[in-house]
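Please open the structure in your viewer and keep the selection panel at hand.

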Amino acid sequence: MATYTPTARTCDLLTPRPRVARALDVGTGSGIHALLAARHAKHVVAIDVNDRALAYTALNAGLNAIDNVECRNGSFFDPVEGETFGLIVCNAPFVVSPEQRWAYRDSGFRGDDVTAHVVHEAASHLSKGGYATLLGSWLIVNEDTPEERPADWVKKTGCDAWILTSIESDPLEHAASWNGSFFADSGTYAEALETWTKYIGELGARGVGEGAILLHKRAGRNSLRIDEIDEDSLEDADAQIRRAFANRRVASNGLLDAKIARAMPLRVERELGRKKAEIVLGDGTCSILPTTPEAIELVERLDGKKTLRKLGADKRAVKLCRELLGLGALKILD
Ligand SMILES: C[S@@+](CC[C@H](N)C(=O)[O-])C[C@H]1O[C@@H](n2cnc3c(N)ncnc32)[C@H](O)[C@@H]1O
């Protein structure tokens, strides 16, 4: 199998895996996402600018007896002009960086333009009903609305979107996290920190955000959801993501007359004698939602047979159900 780095793991766990005719892996490296997609796609196109990477992809496909991965050399979406796919995965170089030192990190685009480009191109190469999982990075211009830029990019793409933020760094933290290899050489390290922080300052940013941008192409009025994730506690979120997008079509209406059931394990954490409680998704994004013990008690009674009204749901309970539907932790039954 191809190298399974921490970012490759995040990308894998956040990839919806429906059966599709065609899948695309952009910036394939040694082919990990192409090989994973080959199990549920008839045909996979794997793109990289690096011939050596494509040779490893072909080798890894051969070693795993996979014969439906086609390697194409080129930049980003250039080799698939005019083609569409049911699934697109992209863990290409997305780091906001003033350098052009490493192919896996530095795209050569200014600031976060590379992620804007990937979002735009992925959306236009998705077939109807298709999904994309794109790792990316964005400049934080206003700390009160850190996802303002990716939220703008996903508008007008014809896709429902889910931004899952994993890291928010100030310029110095960002610079330090990408220059750790120079730490032993204090002069070079200080120079790198200076260059990187100055670059981010010149871009007018107060920080840098990083995470996954998920797209689901769907006609009609599109929606956006933003959540934080902890990459270390992620589990396979395939089914959860598909449910979360499906729920958006139904959960926009009033929920009181809906019959709702739990769709994944939910863990409850209550503080004894206090009015505070948390509900934790036991799988997938492992998200944590603060709420009240009463709202949780109602969620525990959801059986898919009685409506929320019949169950006596109050405003807080309805709000919690709406949040859990948005996260794909509950499902609505007819
Ligand atoms: C961070 S690595 C990720 C590799 C693999 N997708 C993974 O998840 O492990 C980024 C890959 O993108 C490739 N790459 C760099 N610039 C590219 C470009 N302009 N177009 C396509 N691929 C590119 C690099 O050669 C490298 O293999």
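For this tour, Ala, Val, Leu, Ile, Met, Phe, Trp, Tyr, Cys and Pro count as nonpolar, Asp, Glu, Lys and Arg as charged, and the others, Gly among them, as polar. Please bear in mind throughout that the model is predicted.

**First stop: the ligand and its shell**

**Second stop: contacts of the ligand**

Now show the side chain of aspartate 48. An N or O atom in that side chain lies 2.7 Å from an oxygen atom of the ligand. Next, display the backbone of glycine 29, where a polar atom is 3.4 Å from an oxygen atom of the ligand. Move on to phenylalanine 76, where a polar backbone atom is 2.8 Å from a nitrogen atom of the ligand. On its own, the ligand has 600 Å² of accessible area, and the protein covers 88% of this.

Where does the ligand sit? It sits in the largest pocket. This pocket contains about 890 Å³ of space. Select its lining, which consists of 32 residues; Gly27, Gly29, Asn91, Ala103 and Tyr104 lie nearest the centre of the pocket. Then colour the elements that give two or more residues to this lining: helix H1 (6-13), helix H2 (32-37), strand E2 (41-48) and helix H3 (51-63). Which of them gives the most? H3 does, with three residues. By type, the lining of the largest pocket comprises 15 nonpolar, 13 polar and four charged residues.

The volume of the largest cavity is about 40 Å³. To locate it, select the residues that line it: Thr10, Phe94, Leu135, Ser166, Glu210, Gly211, Ala212 and Glu231. Finally, highlight strand E7 (residues 207-217), which supplies the largest share of this lining, three residues. The lining of the largest cavity is made up of three nonpolar, three polar and two charged residues.

How values were computed
Residues are numbered from 1 along each chain as its sequence is written. This is a predicted model: local features need pLDDT of at least 70, side-chain atom pairs count only at pLDDT 80 or more; totals for chains, interfaces and linings use all residues. Side-chain values use heavy atoms; hydrogens and water are left out. A polar contact is a pair of N or O atoms within 3.5 Å; within protein, one must be able to donate a hydrogen and the other to accept it, and residues adjacent in sequence count only if both atoms are side-chain atoms. Accessible areas come from the Shrake-Rupley method with a 1.4 Å probe; for residues, only the protein chains shown count as cover. On a 1 Å grid over the protein atoms alone, a cavity is a set of points where a 1.4 Å probe fits but cannot get out, and a pocket is an open set with protein on both sides within 12 Å along at least five of seven lines; lining residues have an atom within 4 Å of a point. A molecule sits in a cavity or pocket if more than half of its atoms lie within 2 Å of its grid points. Grid points are joined across faces, edges and corners, and a volume is the space filled by probe spheres set on the points. Helices (H or I, at least four residues) and strands (E, at least two) are DSSP runs, numbered from the N terminus.
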